Amino acid sequence: MIEPFYNSLWVILEWQNILAMLVGVIGGIIFGAIPGLTATMGIALLIPLTFGMSPLMALGMMAGIHNGGSYGGAIPAVLLRIPGTPGAIATTFDGYPMAQQGLAERALKIACVSSAVGGMVSAVSLMTLSPPLAEFALAFGPPEIFWISLFGLSSIAVLLGSDPIKGLMASCIGLLLGMVGLDHVTGYERFTFDTLELSGGLQLIVIMVGVYALPPAFQMAERAIMTGVKSKDLEFEGKSDMVNWPWMQIFPAWVRANVIGIIIGILPGVGGVVGAFVAYNETKRSSKDPESFGKGNPVGVAVAECANNADNAAAMIPALTLGVPGSGLAALILAGLLIHGLEPGPRLFKEAPDVVYGYMWAMLFTSASLFVFGGIIATKLFANILRLAQVQLMPVIIALTVVGIYSFENSIFNVYLMLGFGLFGYALERLKFPIAPLILGLILGPKVEFNLRVALRLSQDDWSILWTRPISIALIILTALVLAYPLISALLRRNRDRPEEEFALGEE
């Protein structure tokens, strides 16, 4: 186990990979700092531009965008009470009050250091937990792979959005899109409508860029915001002397945030938003001065950003070992692996150890680089990005997507397809449908179908093979619990509220 880490360390330290990671971190901070642009969108835009890169160089840049974007979202959250990324919502609770008190610089630097700490600890968890889990996953056959894929799809669909029904519907749309093209078992064409370009199936990168990158650009055009943030709103007046930070409260908050963030990050479909909220609430509950939270307590900023970044690498643990991403952004990185010819799963650790272990090092190094780029450069320089009007960004985003997709296969059909799915993704967002289940359905759909049919062929059409093996039984129970979670939580809420209603009626 030590040898692959040692060998991949020297590979990731090649100057091309270091440059890719640093560019990714800077780009991620920029994307995270601009409301409406997220790390997810940054990676969606980047993937078409990585075709000429080595897989490790591309993954290193994605790791930089992942970690940089998570911190970048704290910049508008602190300065304007506008979370640049969903995970920065909890950062606004205490970050913005600190900025109003003239402590914006201190709040941003606490957010930066906490993001770096959370990301580094999360990367270490990825290094230590992934190899043994991959060894265990080698025992998986077609029935187990079928159920683990269904479990991941169900988890993302039910837990990621606010409406489980819409999440399941988005997953079904993704499964349907995954059936376009040749049948992987029989070789027959399906849903191609005699179109040659569809015979190979829908290209993952085309759909992904369309539904992720274009809807925010359309929304910018719809809002037509012609001005950016005024210079006076970006002034820094507070002192940033680290000696004056409440270290005795910050260190325990970091420990709690890392534990909660890593555990929640591993769970498919939950993500850093939930981790940040849970860690913030637990820190507030256990604090000796809970009333100070929400009024500019620096510990609140520290715990929110640490938990948010602790999710980053942890969400890749099930993604790399089982092929089941722990978050929507992890699903995009899986797509990047597939585009570069690498199949996520336990065999990846045997077939491409330099790539998978090098990616783990990249997550660690890019998190550590936040100390420099976030603490020294981004705090003042990147905050000025907020002065750009959103209407100036919209044509740049669309131009990048068109050039990137056309260069993928030199096909104008792919460009039209991307624009069509961009409008479709915009409609889904307006209707409050989550996008991640659709992408995951497109990724896992062929895997679900293929392993189901292979399992039935191995058993000569005996369906009992799907529920008679121990690992399959455990996965079936987990999938059933995930699907039943909305109903169970609704019943618990109803039972909790009923005594209060009865008490009120008794008083009357």
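**Entry 1: Arg430 and Glu222**

I began with the side chains of Arg430 and Glu222, which meet in a salt bridge with N to O at 2.8 Å. I looked up where the partners sit: Arg430 is in helix H19 (residues 412-430) and Glu222 is in helix H10 (residues 204-223), so this pair ties together parts that are 208 residues apart in sequence. I also checked the cover on Glu222, and at 45% relative accessibility Glu222 counts as partly exposed. A reminder to myself: this is a predicted model.

**Entry 2: how many salt bridges?**

Next I asked how many salt bridges a search of the whole structure finds. My search came back with three.

**Entry 3: Glu449 and Arg190**

Here I looked at Glu449, which forms a salt bridge with Arg190; the closest N and O atoms are 2.6 Å apart. This pair links distant parts of the chain, with Glu449 in helix H20 (residues 436-458) and Arg190 in strand S2 (residues 189-190), 259 residues apart.

Are the two partners buried or exposed? I found Arg190 buried, since its relative accessible area is 14%. Glu449 counts as buried too, because its 19% relative accessibility falls under the 20% cut-off.

**Entry 4: Arg453 joins in**

I then followed Glu449 to another partner: the side chains of Arg453 and Glu449 meet in a salt bridge of 2.9 Å, N to O. Both belong to helix H20, and being four residues apart there, they are separated by about one helical turn. I noted Arg453 as partly exposed, with a relative accessible area of 23%.

Putting these together, I can write down a network of salt bridges that links Arg190, Glu449 and Arg453.

**Entry 5: over to the N-terminal helices**

Which residues of H1 are buried? My list reads Phe5, Ser8, Leu9 and Ile12.

I finished on the surface, where Tyr6, Trp10, Leu13, Ile18 and Leu22 form a nonpolar patch. Together they have about 470 Å² of accessible area. I asked which helices supply the patch. Helix H1 (2-12) and helix H2 (15-33) each give at least two of its residues. Tyr6, for one, lies in helix H1.

Key: Residues are numbered from 1 along each chain as its sequence is written. This is a predicted model: local features need pLDDT of at least 70, side-chain atom pairs count only at pLDDT 80 or more; totals for chains, interfaces and linings use all residues. Side-chain values use heavy atoms; hydrogens and water are left out. Patches are made of residues with over 30% relative accessible area and no salt bridge: like charges are joined within 9 Å, nonpolar side chains (Val, Leu, Ile, Met, Phe, Trp, Tyr) within 5 Å. Accessible areas come from the Shrake-Rupley method with a 1.4 Å probe; for residues, only the protein chains shown count as cover. A salt bridge is a side-chain nitrogen of Lys or Arg within 4 Å of a carboxyl oxygen of Asp or Glu. Buried means under 20% relative accessible area, exposed over 50%, partly exposed in between (1.4 Å probe, protein chains only).
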